[in-house]
Amino acid sequence: MKSATNAGRAEFYYALAFGLFLGLTIWKFGNPVILDNKVTTPASLSDFWNDPWPPHWANWFLIPFAATGIFLVLRRKPGSTGNRWLWLLPLAWFGWQMVAAIKTVDADLTAATLWQFSGCVVAYFAGWWFFADKRALNLLLIGVLLAFTGCLVRSVMQRNYEFPQSRQMLLDGEKSGWTNFPAASVAEMKRENIIITTNGADMANPMILAKFTKGRVNGTLVYPNALAGIILMLLPVSLAIAFTFTGNLKPAIRWAAILLTMFLGIAAFVWTGSKLGWLLGIGVLGLFLLRLDWPAKLKYAAVAGVLILGVGIFAVRFHDYFSAGATSVSARFDYWRAAVQTTANNPVFGTGPGTFQHPYAQLKSPEAEMARLAHNDYLEQFSDSGVVGGLAYAAWIGLALSVVGRKLWLHRDIFPFAIFAGVLAWFAQGLGEFSLYVPALAWTAFSLLGSLTGMRIIEIDNKTPIE
């Protein structure tokens, strides 16, 4: 009995530590792993605190967590493994990635990608084994939501302070001939293309100035759509906690916490300017409305109202974007066309995990800009690892989400359903993004998905809580 208690305590400590590790990935590992050589190694304490870290550093944190997890599993008594396909499919997918790696066209990109995918598998099974218990899940979320809050605060600071100040600083530098900057800083900004030389004159890069003017925030992640993804994933559970876990607080404090959570999440989400994120946000809100204990006609009317209002705001807000030709949408269609063609040309092994940029350089339209990833996690699996790899990934995610959705839909406990809604939205965003290749996003999402698949639900009636 004592050893069992100690084992349980160790697993709770593991959940807390793993959550802090995921929080670190949100704060520092928000770039795609294939851009590892583009992320500058921090050279000072200030850089360590303020700048992102090279993605491959995350692997050195992952290894001890994977080893500890295996040790804790071996100490357990054998138990039910649940739906065996939810075990076999991720193992089959990752195993095929290893096979496809043999035929890769770029060993460095594939090695970085395999490390990333191994983190996804470790996170998924850690969630299943250790975070399915609601107490352990609460401990996991401490680190995750602390980092998420910091990411949102950073986004608000970017919008209201960092971007306006940086833009003005560049304009002032251009006017003064860059004499207001040290020579070393000017040289660095030239290397990073913040300052460009045109007709013999050094000027602020117009694209950088346009970025600051638009004010699309990215928090601690690679770019605004990635921030939209983590908000879709974690804001529902953040709001669920804010509403349900503050019931014993004084009303003023409780509503301050709720309103602050709503402001940070919604403001940052709007400021990302993510078009797909906006549509998925409407869908998430519709899911919660459909679960309300209202008459069916009232629920459907509410969903219809949200849909009409949300799409109407979308049309008005992004009118200029679509009037200008919706360039990012047309670019994505070109990526997807190339991914399909690459799959047809390499149906068995693909071109190797993480290598989409190589076939795309040969297949892209002449007027299209270069892309390193397909901006569709599912199509890229087919392109990079062939039909087997693509089908295994799609089947794994589709089965896991359908199993979890069915067992949570009729239960009143809003907390796990909020996690499910966020994870569902994140995987749906993968149809138009490359979040699978970002440690901060993918490892967090798979940890939560694993915890949901491992939860045991007593199927009695719609008032029965999760164990």
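In the predicted model, the cover over the buried residues of helix H12 includes helix H11 (275-290) and helix H13 (319-323). The residues of H12 that are buried are Lys299, Val306, Gly310 and Phe314. These four span an arc of only 60° around the axis, and therefore lie on the same side of H12. The other side of H12 carries Lys297, Tyr300, Ile308, Leu309 and Val316, which are exposed. Helix H12 itself runs over residues 296-317, 22 residues in total, and its first and last C-alpha atoms are 31 Å apart, close to the 32 Å expected at 1.5 Å a residue.

Helix H4 was examined in the same terms. The buried residues of H4 are Leu86, Trp87, Leu89, Pro90, Trp93, Trp96, Gln97, Ala100 and Ala101. Among the elements that cover them are helix H5 (107-130), H16 and H18.

Packing between helices is considered next. Two packed helices are described by the angle between their axes and the distance between the axes. Helix H16 (residues 377-409) takes part in a pair with helix H17 (residues 414-429), in which the axes come within 11 Å and cross at roughly 160°. Because angles over 145 degrees count as roughly antiparallel, H16 is roughly antiparallel to H17. The two helices, H16 and H17, cross in a left-handed sense. On the H16 side, the contact is formed by Tyr378, Tyr393, Ile397, Leu401, Val404, Gly405, Leu408 and Trp409. On the H17 side, Pro416, Phe417, Phe420, Val423, Leu424 and Phe427 take part.

H16 also packs with helix H14 (residues 327-345), at an angle of about 20° and with the axes 8 Å apart. Angles under 35 degrees count as roughly parallel, so H14 is roughly parallel to H16. The crossing of H14 past H16 is left-handed. Here Trp336, Ala339, Val340, Thr342 and Thr343 of H14 meet Leu379, Phe382, Ser383 and Val387 of H16.

A further pair consists of helix H6 (residues 134-175) and helix H18 (residues 439-454), whose axes are 12 Å apart and pack at an angle of about 165°. This angle makes H6 roughly antiparallel to H18. H6 passes H18 in a left-handed crossing. The residues of H6 that meet H18 are Leu137, Leu140, Leu141 and Val144, and their partners in H18 are Thr444, Leu448 and Ser451.

Asn193 is in the loop between helix H7 (183-191) and strand S1 (195-198). The phi angle of Asn193 is near 60°, a positive value in a residue other than glycine. With a relative accessible area of 45%, Asn193 is partly exposed. Asn199 occupies the loop between S1 and S2. Phi of Asn199 is also positive, near 55°, again in a residue other than glycine. Asn199 has a relative accessible area of 82% and is exposed, since the threshold for exposure is over 50%.

Asp202 belongs to strand S2 (residues 201-204). Its relative accessible area of 26% makes Asp202 partly exposed. With residues up to four places away in sequence left out, Asp202 touches Glu174, Trp178, Lys190, Ile195, Ile196 and Thr197. One of these contacts, Glu174, is 28 residues from Asp202 in sequence, and the C-alpha atoms of Asp202 and Glu174 are 7.3 Å apart in space.

Lys211 is located in helix H8 (residues 206-214). Lys211 is partly exposed, with a relative accessible area of 40%. Apart from residues up to four places away in sequence, Lys211 touches Phe163 and Arg216. The C-alpha atoms of Lys211 and Leu89 are separated by 41 Å, and the two residues are 122 residues apart along the chain.

Technical notes. Residues are numbered from 1 along each chain as its sequence is written. This is a predicted model: local features need pLDDT of at least 70, side-chain atom pairs count only at pLDDT 80 or more; totals for chains, interfaces and linings use all residues. Side-chain values use heavy atoms; hydrogens and water are left out. The expected span of a helix is 1.5 Å times one less than its number of residues. Buried means under 20% relative accessible area, exposed over 50%, partly exposed in between (1.4 Å probe, protein chains only). The arc is that of the directions from the helix axis to the C-beta atoms. Contact means heavy atoms within 4.5 Å. Axes are lines fitted to C-alpha atoms, for helices over the stretch in contact, and angles run from 0 to 180 degrees between N-to-C directions. Angles under 35 degrees count as roughly parallel, over 145 as roughly antiparallel, 65 to 115 as roughly perpendicular and the rest as oblique. A crossing is left-handed if the near helix is turned anticlockwise from the far one by less than a right angle, and right-handed if clockwise.
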